[in-house]
Amino acid sequence: MSKHFTRELVAEQAIILDSPQVTHEVDRSFELPKGLYVATVGLYLGFLAVMAAGLSSPGLIIPMVIFTLFIVAGFGLPAVWIRMAPEHRGRNMSWAKLVRDGIATHTGRVTARDAAVQVLILPVLIFCWGVTTVTIAALV
């Protein structure tokens, strides 16, 4: 069934190798094309611009500046993080590659159109909400 091997027998037959050098591959890219991130930031900042223009008040200057700083920091810090050492080979996916291959999500592979809709649906709704709010305020 089983056979007991002594240490000496194992040491005689064993081939001892140096331990492998494990290199950790760092990928800090967020995969999607930069255009989707730029559109997201643009829509969030557009919402703030619409609200600041439509509901202008001296009391709203500081909150609008703070919100703008939060948005810039929220997207700027990951942009800086991508460029940190150690260098990595991961790059954002090009739009052509996204159109050709799609992207894998938790629920399966989706097309470029579906990925863009998933990424931009909330920023577009927030921007439209701002335009609607300012329109209602102007009419009332």
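Which side chains meet in a salt bridge at 3.2 Å, N to O? The legends below answer that along the way, in a model that is predicted.

**Figure 1. The side chains of R100 and D101 meet in a salt bridge.**
Here is the reply to the opening question: R100 and D101 are the partners, and their N to O distance is 3.2 Å. Side chains of opposite charge can pair when their charged atoms come close. R100 counts as exposed because its relative accessibility is 59%, over the 50% cut-off. D101, at 35% relative accessibility, counts as partly exposed.

**Figure 2. R113 and D114 form another salt bridge.**
In this view, the side chains of R113 and D114 meet at 3.4 Å, again given N to O. R113 is exposed, with a relative accessibility of 61%. D114 is partly exposed, at 28%. How many salt bridges does a search of the whole structure find? The search finds two.

**Figure 3. The whole protein chain, from one end to the other.**
Let us step back for a moment before the next close-up. The protein chain has five helices and two strands. Starting at the N terminus, its elements follow the order α-α-α-α-β-β-α. The radius of gyration is 26 Å, well over the 14 Å that the globule rule gives for 140 residues, so the protein chain is more spread out than a compact globule. Along the principal axes, the C-alpha trace spans about 90 × 35 × 30 Å. Buried residues make up 21% of the 140 in the protein chain. The protein chain exposes about 11,000 Å², and 68% of that area comes from carbon and sulfur atoms. If you look at contacts between residues at least 6 apart in sequence, 74% of them join residues at least 24 apart.

**Figure 4. A nonpolar patch lies on the surface.**
Which residues form this patch? They are I61, I62, V65, I66, F67, L69 and F70, and together they have about 730 Å² of accessible area. F67 belongs to helix α3, which covers residues 61-82. With a relative accessibility of 41%, F67 counts as partly exposed.

**Figure 5. R83 sits in the loop between α3 and α4.**
Is R83 buried or exposed? R83 is exposed, and its relative accessible area is 63%. Follow the chain for 29 residues from R83 and you come to A112, whose C-alpha is 25 Å from that of R83 in space.

**Figure 6. A112 is a buried residue of helix α5.**
A112 has a relative accessibility of 7% and counts as buried, because that value is under the 20% cut-off. Which residues does A112 touch, leaving aside those up to four places away in sequence? A112 touches W95, L98 and V99. Y37 is 75 residues from A112 along the chain, and the C-alpha atoms of the two are separated by 14 Å.

**Figure 7. T135 also belongs to helix α5.**
T135 is partly exposed, with a relative accessibility of 40%. Where is G54 in relation to T135? The two residues are 81 apart in sequence, and their C-alpha atoms are 8.1 Å apart in space.

Averaged over the protein chain, pLDDT is 86, and 92% of the residues score at least 70. Among the elements, helix α5 (residues 112-139) has the highest mean pLDDT, at 94. The lowest mean, 82, belongs to helix α1 (residues 7-13). Where pLDDT is low, the predicted coordinates should not be read in detail.

Conventions
Residues are numbered from 1 along each chain as its sequence is written. This is a predicted model: local features need pLDDT of at least 70, side-chain atom pairs count only at pLDDT 80 or more; totals for chains, interfaces and linings use all residues. Side-chain values use heavy atoms; hydrogens and water are left out. Patches are made of residues with over 30% relative accessible area and no salt bridge: like charges are joined within 9 Å, nonpolar side chains (Val, Leu, Ile, Met, Phe, Trp, Tyr) within 5 Å. Accessible areas come from the Shrake-Rupley method with a 1.4 Å probe; for residues, only the protein chains shown count as cover. A salt bridge is a side-chain nitrogen of Lys or Arg within 4 Å of a carboxyl oxygen of Asp or Glu. Helices (H or I, at least four residues) and strands (E, at least two) are DSSP runs, numbered from the N terminus. Buried means under 20% relative accessible area, exposed over 50%, partly exposed in between (1.4 Å probe, protein chains only). The radius of gyration is taken over C-alpha atoms; the globule rule is 2.2 Å times the number of residues to the power 0.38. Contact means heavy atoms within 4.5 Å. pLDDT is the predictor's confidence in each residue, from 0 to 100.
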